[in-house]
Amino acid sequence: MKTLPFILLLTAFSGAALASEQDNAQACLSWGINKMAQNPESERLKDLTITNINTERYDEKIGSQHIATQLTATLEKEGNPVGKMLCLLENDRPLYVYFSDAR
């Protein structure tokens, strides 16, 4: 019986971590779309679903900018992969987003 609260705690933490990962991915996508607002290509990035999110946390500098998280994800439309996203974050705040086609 003593393991039940521990298992429930792990389950709650996992759910929170997944929500945070999804929130970070959505923040990256929105930030990237806003940065590309003047580019006609940005229209194709709207109404996409974010899947296969991979978050890597580390303590590194790229040049003089500290980066705490690298997030990669697949971008899908109507269940079909249309591209990939790479996002660098500091304190869960997007600093750089790169979109590539799924070719």
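The side chain of E90 makes a polar contact with the side chain of H66, at 2.6 Å. A polar contact here is a pair of N or O atoms within 3.5 Å; within protein, one must be able to donate a hydrogen and the other to accept it, and residues adjacent in sequence count only if both atoms are side-chain atoms.

Some ground rules. This is a predicted model, where local features need pLDDT of at least 70 and side-chain atom pairs count only at pLDDT 80 or more, while totals for chains, interfaces and linings use all residues. Residues are numbered from 1 along each chain as its sequence is written, and side-chain values use heavy atoms, leaving out hydrogens and water.

Back to E90, which lies in strand β3. Strands are DSSP runs of E, at least two residues, and helices are runs of H or I, at least four, numbered from the N terminus. Leaving aside neighbours within four places in sequence, E90 is in contact (heavy atoms within 4.5 Å) with Q65, H66, I67, A68 and L95.

Is E90 buried or exposed? E90 is buried, yet has no salt bridge. Buried means under 20% relative accessible area, exposed over 50%, and partly exposed in between, with a 1.4 Å probe and protein chains only. A salt bridge is a side-chain nitrogen of Lys or Arg within 4 Å of a carboxyl oxygen of Asp or Glu. The nearest side chain of opposite charge, R93, is 6.9 Å away; Lys and Arg count as positive, Asp and Glu as negative, and His and the chain ends are not counted.

Next, the disulfide, meaning a pair of cysteine sulfur atoms within 2.5 Å. C28 and C87 form one, with their sulfur atoms 2.1 Å apart. The pair links distant parts of the chain, 59 residues apart: C28 is in helix α1 (residues 3–35) and C87 in strand β3 (residues 80–90). C28 counts as buried because its relative accessibility is 0%.
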